[in-house]
Amino acid sequence: METEQDDNGISENVLRLRTLEPSGTSLSVGAGRSAETSRSGGLQKKLSKLSKYGVSFKPPEDDAVHYASDAKELGFFQKGRDFESTFTNHKYTVEEKETLYTYESQDYLPSHSEVYKNWIKRQPSRLDWDQWLMMGLIGFIVGFIGYLLHQTIEFLTDIRIDKATDYIEDNNLVQAWGWLLGFSLLFLFFGSALIVFVRPSAGGSGLPELICFLNGTQVRHIFNVKTLVIKFFSCCLSVGSGMPVGPEGPMIHLGSLVGAGVSQFKSDTLKVKFPFFERFRNSEDRRNFVSAGAAAGVAAAFGAPVGGLLFSMEEVSSFWNEKLSWQIFFCCMVSVFTSNLGNSAFTGFDYTGIFGLFQSSQSILFKVYRSFDFHISIFVPTIIIGVLGGLLGSLFTFTNLKIVRARKSLLSSIQSPYLMKFCRLAEPIIILVIYISTSVFLPAAFGCTRYHTQSNSTSSGDGWCESASNLGNAYVNCSSETKTSKGFFSNESYNEVATLLMTNGERAIRDLFSRNTHHDFGFPSLSVVLVVYFICACWSAGTAIASGLVVPMLLIGGLYGRMVGLAMVYLFGVHTGGLWAWIDPGAMALIGAASFFGGVSRLTMSLTVIMMEITNDIQFLLPIMVAIMFAKWVGDFFTHPFYHALLEVKCIPFLSSEPIVYNRKKRRLNLELYTAGHVMNMHVITLTDKESVQKIAHLLLETTHSGFPVLSRSSVGQDIFSGTISRLELTVLLKHKASFIEPGDNENNLTSDVTAVEYEQLTIDKLEDPFVTEEMLNNYATLPEHANTKVYLRPYINQSAMTVKSNFSLHRTYIIFRSLSLRHLTVTSVDGGQVVGMITRRDLMGFNLEEKLDRAPQGLGKFATVARTMRMFVPRTADNSNSPPRSPTRLTVPPSTPSTSNQTLRPLPVSSSRIVSHSVILEAPESNAESENEASGLKVPPRLPDTVLPASTEVIEAVAPNTLLSLNKNVDDSHVGSLPARPMSLDAELSSLQPGPSLGLGQSFNVSDAPILHFDTSSADLHSDVEQLP
């Protein structure tokens, strides 16, 4: 007898049966679990006290410093980790899985209970005007925050750059460096300290956490008024200090914060609750307003209302409908209107225009002033740029993930919390020192370049000459005396590297996108800036500041896109009109920016529309679409999308739109051929609708299940599924003794429409007094007077909890679970009455599907056969003692067919009393060649699902030549037929079986390359899952 650890870290007693062949393959039979499992199947150690969320475990307080120690043993290019295609599921270590299981899910729809329906009756009629009003209010607030954020960053940037420019013009590089360093470090220090010491959850862009929340996972502290305030100021200070980051990511998170808070008209942090819009205080409306806030954040950040709508639909939201589209579109419209109205008259809070005059130069972030017709040949460089975008985007993602893991590993190894916080604070400061020093001193290694701009002057030769590379000036006055050949002018000089580094990201992007500036930047300057900015931006992402990556992504893509355009200019010359006018480095820079953005984020529709709205260059729509698609296709071969990969590093559960599941032979599995019973967790604890207070208290103290199916007695005396109830709801009920049924009360007079606890009291997010609650639960669990006290649960259970039968399609199960963003999905027996399992988010994640389905027979496989042997294990006796093991059963290949090997299965002694079946399934592995099966005369049967065999079945012995098995009950009563899907009762199913041929005892079966059998015997039935050892 050996003890092993399964994939979830749960100890199991294992019986091994080894073949006599030297292959070393073995059979493994689990004899029962030795520990209580959590709602997701993983072992959770019970702590000494409850957390404020009602459970004895909680996710990491700060995921930036939490790191699984067993991840350090993996290789740099470990398969299934950071360097993985989107067609590969992420592989988690054991400790990472434990972290994954600490996150709880949330239902999209509120619990449909009697108390909820009573609450609905008290609310005003469900009209549309209040939803539209709330959408408009959210859009206005998000737009105003976007205006404040933009103006503050512009104000700090102007102060920083203007003074440094004066020093540089006086050739005082050291003074310029000192000014930039002192000014920037001062603001960055406060911006980072707010994150490190006040609100770690406000760090980064917040997009991964927002995505997983709208996907159905609960992440603490991401929607909090303190997070909003800290995020705003940290973003202003960090971006304004000159870090190679952008404000767009935090702006999206700020928008979702507004949507989550304003729609509820209450704040637990501020301890206020206003009596307005109370009907929106449910999970469905709150999540819809969060989606609207995120879309409004994109609209305010880019001035792109349609792009914001598509971004919310494509990237962050899992649930969508037509009505929600119109409402979010309205919210984005109000947001852009508000932000543009403020920006129309102010620049860095200086009044510079006419209030209410929407100028295109201010409303369109990177306005392109000239558009070109293009030839079909433009798609050649476009495809090249798209491929580069996919490659460099994957490199950026991979490098950042490795930096994040190295940071987490280092910080988690520091024992002193003060030293750890100091290191977190020091990292962005080190990056800023390197970046500013490079920006000031690196341009000295490059000579100055004289302006070469084409004349826009009159015939007299005087006028304005366009050039985007002048620091802060879009135009340069050129005189006719400086006219050179071919109509070009030259009268001043500039430094190419300083033009791109000694400014903020948005101004540098405008320089790169400028048209008819073929020679403003050369290969050396573009290459150097690309390397410097790529490294610094990649390192900055994930540090202890509130920052985004949109501006760095556009800038990096613009750099290599302009290099491709410059190469074409060198090859084909400068063309300012005609058929080849599209050969322009600025046009290629725009395509490059879109390709890198797509290569990192893998966005398609929303990114295309955003690029159109921020540049106003509709002519280049098709080349941008082509570049984005090629960038996505190439990037998908190397890494997961950036924000999804960060969720994997943070170990936050996430369900993709479509699961991709492969078996160990790298063959993709079709989930339509599997059932919900293959992945369900069978360790389900059920309650009755009149349950003992003492039992409920024990469950809350001793288990980590977050939801419980509730059963009620039917008219025929069966316990059937009635609904579900959550852990926190049970805790609230125990805190209100008015819901108790004392001994002697007449239980027959109970009605579900009379409730002792109201909906507002029942739907809480956390406990205000976890220590008092734990003491109360201990009293209920230990004092004998509570043994006969009951709680009537029927008014509080979710009567519309989703259920599927155990033979329900797994593919459709996945669609239902993700589309409705469920927390629990109860699995019932085939007849629909009894609860046989539970499916949670963890059960449907890609890695878990692969682990479970790889050992679950999809039937029998393409080249598989089945045999069953009689009395392979020790029969169960009345006193649960064990009889001696029987003689081994010999299975050989028929003498009439070619034989490759003869093998004997030898059972080892059994010391556990939990083996309760007399039967065992042997499945020949799928690795047998097709020719071998044909030579053996074995016909390929259809795939046969897992089976539950009652312990009363004494003889099952067969090979299925035509999916027919010989089922012999009580030895002398023979029945033949196909085996139904699990769970099954032979007594109920035998009548439906049709006679047919079968093989009997002593006949043959080929068991070459012996498989491994894993039996879960937590009940009297035998649940068999076939698994092949690696």
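Colleague: How many disulfides does the count come to?

Modeller: This is a predicted model, and a disulfide is counted where two cysteine sulfur atoms lie within 2.5 Å. Take C235, a buried residue with a relative accessible area of 0%: the closest cysteine sulfur, in C236, is 5.9 Å away, which is too far for a bond. By this rule, the number of disulfides comes to zero.

Colleague: C235 also belongs to a helix contact, so how do helix 6 and helix 7 run relative to one another, roughly parallel or roughly antiparallel?

Modeller: Helix 6 (residues 225-240) packs with helix 7 (residues 248-262) at an angle of about 160°, and their axes are 10 Å apart. On the helix 6 side the contact is made by T227, L228, K231, F232 and C235, and on the helix 7 side by P250, H253, L254, L257 and V258. Because angles over 145 degrees count as roughly antiparallel, the angle makes helix 6, relative to helix 7, roughly antiparallel.

Colleague: Turning to the sheet with the order 14-16-17, which strands are its edge strands?

Modeller: The sheet is open, has three strands and shows mixed pairing. Strand 14 and strand 16 run parallel and are joined by two bridges, whereas seven bridges join strand 16 (residues 707-713) to strand 17 in an antiparallel arrangement. Those that pair on one side only are the edge strands, namely strand 14 (687-688) and strand 17 (719-726).

Colleague: Which residue of strand 17 is the bridge partner of L711?

Modeller: L711 lies in strand 16, where T688 stands opposite it. Strand 16 and strand 17 also form a hairpin with five residues between the strands, and there G717 takes a positive phi near 90°. In strand 17, the bridge partner of L711 is F721.

Colleague: How many of the nine residues of helix 23 are buried?

Modeller: Helix 23 (residues 727-735) lies across strand 14, strand 16 and strand 17, and runs at about 85° to strand 17. The buried residues of helix 23 are R727, L728, E729, L730, T731, V732, L733 and L734. The helix is thus mostly covered, and of its nine residues the number buried is eight.

Terms used. Residues numbered from 1 in each chain as written. Predicted model: local features only at pLDDT ≥ 70, side-chain atom pairs only at ≥ 80, totals over all residues. Heavy atoms only, no water. Pairing = 2+ DSSP bridges. Helix = DSSP H or I, 4+ residues; strand = E, 2+ residues; numbered from the N terminus. Contact = heavy atoms within 4.5 Å. Axes fitted to C-alpha atoms, helices over the stretch in contact; angles between N-to-C directions. Buried < 20%, exposed > 50% of the residue type's maximum accessible area, 1.4 Å probe, protein only. Parallel < 35°, antiparallel > 145°, perpendicular 65-115°, else oblique.
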